[in-house]
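Q: Please walk me through the labels used for this structure. I would like each one set against its cut-offs.

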Amino acid sequence: MVDDPEGRVGASHGGQLGRGTRLNTGQQQRRVVLQRNPSEGIRARREIARACDGLGKDTVSTAQLLASELFSNALDHGEGDIVLWVTRLPGELRVDVADGSPTPPRVRTVSLQDVRGRGLLILEALAYRWGVDTVEKGRGKSVWFVLRTAE
Ligand SMILES: Nc1ncnc2c1ncn2[C@@H]1O[C@H](COP(=O)(O)OP(=O)(O)O)[C@@H](O)[C@H]1O
Ligand SMILES: [Mg+2]
C-alpha cells in the first residue's frame, strides 16, 4: 500500500495517480474519492462502467455488484474517506475499495434466518481472487477483488 495525495489511503498497485492514468506496465487505472453517502454508490458504478470500456456486460455487472457491496461495507463498517480504484490489467480487472478503518472485514457464518452477513460470501463466490491490503501506519485498509476478462 502507498499513501494517496491526501495521505490517507491508497493501493499497492498505484501511487499518486490521476484518473485514467496509463501506467508504463500497460495497465490503466482510475481513482475516485467517494463521499460517505449512500448515493455515491451510483458514482462508484458509473466509474466502473467507464473503466470497463470494451469488456463484456457480465464482467461489468459483476464488478459493479461487488463494488457496491464493498462500498456499502465501507459505509456501514468502515470510517473516513472511501477511495475507489479501478485497474485494468491484461486479462484482469481489479477493483479496490479503501477506507480509513484498519479493521479488516470478516467473512460471517450465516444461518437461514440471517438477513445480513452475505456480502463477502457473494464476493467469495463471484471474484476470481479477493483480499485485503493494509495501509501504512494502520490508517486504513483496502478490500479488493479481481475478475478475469476475456481480453
Ligand atoms: N470495510 C469494512 N471495515 C470493517 N469491517 C468490515 C468492513 N467490511 C466488512 N466488515 C466486517 O465484515 C462483516 C461481513 O461483511 P458482509 O459479509 O458484507 O456482511 P454485512 O455487511 O451484511 O454485515 C461485517 O459484518 C463487518 O463486521
Ligand atoms: Mg456488507
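A: Start with contact: two residues are in contact if their C-beta atoms, placed from the backbone, lie within 7 Å. The model is predicted: local features need pLDDT of at least 70, side-chain atom pairs count only at pLDDT 80 or more, and totals for chains, interfaces and linings use all residues. Residues are numbered from 1 along each chain as its sequence is written, while chains are lettered from A and ligands numbered from 1 in the order in which they are written.

Q: Why is D96 called buried?
A: A residue is buried if 20 or more other C-beta atoms lie within 10 Å of its own, exposed if 12 or fewer, and partly exposed in between; the C-beta atoms are placed from the backbone. D96 has 29 other C-beta atoms within 10 Å, so it is buried. Its place is in strand 4, which runs over 92-99. Across the 151 residues of the protein chain, 32% count as buried.

Q: What label do A49 and E40 get, and why?
A: A49 has 15 C-beta neighbours inside 10 Å, so A49 counts as partly exposed. E40 has 18 other C-beta atoms within 10 Å, so E40 is partly exposed too. Leaving aside neighbours within four places in sequence, E40 is in contact with L34 and Q35. From E40 to S72 the C-alpha distance is 9.8 Å, and they are 32 residues apart in sequence. For A49 and A63, 14 residues apart along the chain, the C-alpha separation is 8.8 Å.

Q: How do you know that the span of helix 1 agrees with 1.5 Å a residue?
A: The expected span is 1.5 Å times one less than the number of residues. Helix 1 has 12 residues and so should span 16 Å; its end C-alpha atoms are 17 Å apart, which agrees. Helix 2 has 21 residues: 30 Å from first C-alpha to last, close to the 30 Å expected.

Q: How do you know that the buried residues of helix 1 line one face?
A: Those residues are A44, E47, I48 and A51. Take the directions from the helix axis to the C-beta atoms; the arc is theirs. The buried residues fall within an arc of 100°, so they line one face of helix 1. I42 and R46, on the other side, are exposed. An α-helix has 3.6 residues a turn, so residues three or four places apart point the same way.

Q: Which elements do the buried residues of helix 2 pack against?
A: Strand 2, helix 1, strand 3, strand 4, helix 3 (119-126) and strand 6. The buried residues of helix 2 are V60, A63, L66, A67, E69, L70, F71 and A74.

Q: What makes a set of residues a nonpolar core?
A: Its members are buried Ala, Val, Leu, Ile, Met, Phe, Trp, Tyr and Cys residues, joined through C-beta atoms within 7 Å. The largest core has 28 residues, and I48, A63, A67, V95 and V97 touch the most other members. Helix 2 gives the largest share, seven residues. Beyond four places in sequence, I48 touches V60, A63, Q64, A67, V86 and V95.

Key:
Helices (H or I, at least four residues) and strands (E, at least two) are DSSP runs, numbered from the N terminus.
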